[in-house]
Amino acid sequence: MFRFKISKYRNAIAKIPKKEAWITDLNVSSALTHGSLIKASATFIVFHPERPGGGAVSILPLDFKGKIDRNACALQCHSDVVTDFDFSPFDDGLLATVSQDCSIKLWNIPQDGFQSHIFNPSAQFCEAQNRVENVLFHPTVDSLLSTSSHNVIRLWDVVKEKDILTFDKHDDLVQSFCWQGFGNLMASSCRDKKLRIFDPRTTAATQEATVRCNPKDSRVIWLGDVNQILSTGFQSGHERQVVLRDLRNFSSPLKTLSFDNNIGILLPFFDCDTNMLFIAGKADASITFLEVVNNDPYLSLAAKDLTEGQTKGMCLVPKRAVDVMQGEVNRLLQLTQSAIVPIRYQVPRKTYRDFHADLFPDTNGTDPGLNIQAWLNGEQCQLKKISLDPSKRNTPTLQKHRHAFDSFDKKPVEERKTSIEESQVNVILMGSPKQFIFREDNEVFPPPDSSQEIDNRQKTTNKPTILPKVKMPTTVSPVLKRSRFTEVSQNETDEAEKFPIPRRESFSSPVSNQTASNPIPVPRNSINGSDRERKLSGGSHSPKGSWVREMVAAANANSPSGDGKPSSGSPKNTIEVPARRDSLPNAPRRDSLPIATPPVKSFSGFRVSKFRHLKGTPLHKDQHIENIRNLSTSLPRECDGIQANTKRIALVFKGPGGRLSIFELNKPGRVSDGVLPVLQNTSNVMDFCWDPFNTERIAVGCDDAIIRIWLIPEDGLTESMETPTAMLKGHNEKISIIKFHPLATNILASCAHDLTVRIWNVATCEEQYLLMGHLDQMFGLDWSPNGKCLATIAKDNKIRVYEPRSSAQPITTGTGTFGNKGARIKWVLQGNFIILCGFDRISERQIKLFKVSDLNTPIVTVSLDVTPAILIPHYDEDSATLFLTGKGDSTIYTYEVLEESPHLFPLSHHKCPTVHQGLSFLPKIVCDVKVVEFARALRLNGTTIEPITFTVPRVKMDMFQNDLFPETRVLWEPTLTENEWLRGVNKEAKRLSLKPDGMENVSMDTPKSAGLISKNVDAPFMEEPSKKQLEKELVTALHKKLALSDEPEQDLMEDLDAAEWND
């Protein structure tokens, strides 16, 4: 009888190791998606952590144990929530991720993992309209990726980065899909309650059936190569079910198992080698182990095992990674809220000293069976099987790492010579005598990495490198197969010396001291897609990008023909150009490309900044304001969320009527649990700001197009106020931004959704100027330091500068950021430059510096990360320090702004222990210069307002650091009256020394203002004082303090008279 048939795996035991073998200290995402929260290859684990914006994944080695560094393992890969990810079955280091930002990205993970944060994917393509829900690699075809987006399933050729097939016959959202083992058919479950079987190479579904009564979440898997599929879902009574169907009678279930009424979807996992089926429910604390058999009962229950904690996600580890010498037939990874728990299924045997071949049949290998074109032509095949017997392996493990986009073109290299005349190609430039590689935009690779890490990466792979494309009308030698990181050999370097080119003295290489024994590798796809598509003739975003064109011109001028054209003779002086085959399909054949030496200037020093090691320190808890509840979380992106002056803080509370609460800085501590007094604005608050010259007056812009002016009582807000002091009416739509004038009293600028900027006289409540010219919503507004102009950045990506007293139209315009995610604008360096914070085409946060005289071309662009939070800038003009952070960030980025290169010099960023909802800086007058404090801010952290002081470490703390504190502008007192400013009067703000009484200056030199920087080109590069010089300076200071004398003691004694010697 069948029910007494003996099974080798039925008695497999689930073994949960001790906590020491877990991966702990996790913070798992709570995002609701139809994809996986955890996946594993034979080398890595990827899971979805909790991060601001949700666009991150964490990658760990499969054998990792213990606590993790949450920041070190995170890969910020998307600008919105990651919905799913998948590893390639043919490359353990190739990861595909999809997101709600409609993008699909592929990442090459080095064999030793990421050593630093990586932001550039190996490939990227985008869905046109809807977010991407699921992603899955094809089981037998290389470089074929499938994704689902709403009711459409697409197939992508990841080498050519384009979609090749589309199946759109679903009536609603696709919740899950899977491939048959051979890769011919697909099965999908949809929100329309139907299960479909179809061949994506055709346009119609092969079979479909209504499988459930509830449109809640569902899952479907194919049971290997057989004609059976298994689906999970909910019935009308919210009962969870598992249904097994056969394609030969698809409309009738072969087997149905009913579970319970829990709300979590059942996740199925099947091992086709052992026919073991595992069912785990989200939020469950158990795993059901079943065996799939060919006859009734079809699904045979083997065991139900309890797990540690509730399951948030689960995955099955590839068979190549199990420990066969311990009888481990399968391994599951359970993802809980704070840990990853490995659950090993072990078949009991008397001894595990020998390999048990009866438990481990040959499994699928890592070599693909078909290429895309063969599969499109209707071919099918089974993957080549490999043995799990350790004695039959060529390597200790069965991990597979190879080039992500390897081709099936097996022709010899000599038969694959290609030409690149008038084509997009990749160029490697080699310097002499040092070995380094430059890109067209003058960036030097790699980023800071130890030479040992570079050597390890070079040993782990042996594939070609793809570099940025540039247009080069010249010749090329045969394409050589290089490692994934390209090395420049010494022979090629020697050849490069034969082609001199003009030198540019302004260029400085940060790697010119690199030794020849440590060649510099260039990672594949090191820049984003827009950089790859940029042609050399179109220029570069770098101000030094023209040296590449000079190099090419000089190389052509030195050609043997003497006519300025490349030589077509012997390939002696050639450079190997690895060209991507799919980008050069019909290129004519040429032979060689002359090598030229890039311009190199010897390294003359390093950038020295007095604020390089600034330190941010939270003040003691007795100065915190705690237990702030009911804060609004739905403020517009144009609003900073918190505004403060020297006495008070303003915050927006939840609830109707635009409730604005005021807190006194001199009353720290715990806020009472009762009802707090607020300013009732009767309409939702859009933006608010304090009067810089009156600590009791605040302006509030609301969505009813009215600006309300409030006067806070001198002793603080003791009861709610419903009637403002004044109201400014004139806008036709809701207010978006309001800003007081920096020098003139009673002058306020506002912009609204009616696409106008209005200048108000608050004293008379009258509109003075109406500025026009905007075509879309404004994201940011800022007054110039002298108060003559104001600048705006709008959704149409335009920067506009106005001079309100002379013209209602912008006096100059320029191109700013990309997209509609928001931006901020700030004047810097005495109003001669503008800082713009926004996003690029791939939603990466960027900082751009523009000169006011040329707003179309940024002087420098700095990219940070892929996070949806807008960077909010604050500029300290005395130190030329730029502070940047966003809502939901935990890092305050700091840069020194310079007129000379590098223009934006990174300082020590301040990392906070938790994320913040806003940051507001206080006037300079509150800084304690005795402890070298040059800036102070208030950080809104959940329910707490935390003061942060920014200081510079110094040795002589008892002296006034006059080199750090020049005379500061008095911006807390008005320089002009409103009538003077309206008449066209301009005045400079008076300056005040911050030197306390009784302190001596540390330096005799008069400090320069941060905006008045020397024009000397070598100014940013200065030699660091030697250790002896520092010691001498310290000893001199101690002598001066102790009033010590350098004269010998005997010289200070009283001499004897000549007569006294006779006595």
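R758 stands opposite L770 in strand β52. This pairing belongs to a predicted model. R758 sits in β51, where it points the same way as W760. Five bridges join β51 to β52, and the two strands run antiparallel.

**Strand β51 and its burial**

- Strand β51 spans residues 757–761.
- Five of its five residues are buried, so β51 is largely enclosed by the rest of the structure.
- V757, I759 and N761 point one way from the strand.
- R758 and W760 point the other way, and these two are buried as well.
- In a regular strand, side chains alternate between the two faces of the sheet.

**Partners of β51**

- Strand β50 covers residues 747–752.
- β50 pairs with β51 in the antiparallel sense, over five bridges.
- Within this pair, L748 stands opposite W760 of β51.
- β50 and β51 form a hairpin with four residues between them.
- L755 lies in that turn and has a positive phi of about 65 degrees.
- On to the next partner: β52 covers residues 766–771.
- β51 and β52 also make a hairpin, with four residues between the strands.
- Here C765 takes a positive phi near 60 degrees.

**An open sheet of four strands**

- The strand order is β40-β41-β42-β44, and the pairing is antiparallel.
- β40 (642–644) and β44 (678–680) are the edge strands, and each pairs on one side only.
- Neighbouring strands of this sheet are turned by 25 degrees against each other on average, direction ignored.
- Strand β42 holds residues 659–664.
- Three bridges join β42 to β44, and these strands run antiparallel.
- S661 has V678 of β44 as its bridge partner.
- Strands of a sheet pair through backbone hydrogen bonds, either parallel or antiparallel.

**Salt bridges across the chain**

- The structure holds 38 salt bridges.
- Side chains of opposite charge can pair when their charged atoms come close.
- One of the salt bridges joins the side chains of K39 and D86, at 3.2 Å from N to O.
- This pair links distant parts of the chain: K39 is in strand β3 (residues 38–40) and D86 in strand β8 (residues 82–88), 47 residues apart.
- K39 and D86 are both buried.
- The side chains of D876 and K924 also meet in a salt bridge, at 2.9 Å from N to O.
- D876 lies in strand β61 (residues 872–876), and K924 lies in the loop between β66 (918–921) and β67 (933–941), so the pair ties together parts that are 48 residues apart in sequence.
- Are D876 and K924 buried or exposed?
- D876 counts as buried because its relative accessibility is 8%, under the 20% cut-off.
- K924 counts as buried because its relative accessibility is 11%, again under 20%.

- R936 forms a salt bridge with E933, and the closest N and O atoms are 2.7 Å apart.
- Both R936 and E933 are buried.

Technical notes. Residues numbered from 1 in each chain as written. Predicted model: local features only at pLDDT ≥ 70, side-chain atom pairs only at ≥ 80, totals over all residues. Heavy atoms only, no water. Pairing = 2+ DSSP bridges. Axes fitted to C-alpha atoms, helices over the stretch in contact; angles between N-to-C directions. Salt bridge = Lys/Arg side-chain N within 4 Å of Asp/Glu carboxyl O. Buried < 20%, exposed > 50% of the residue type's maximum accessible area, 1.4 Å probe, protein only.
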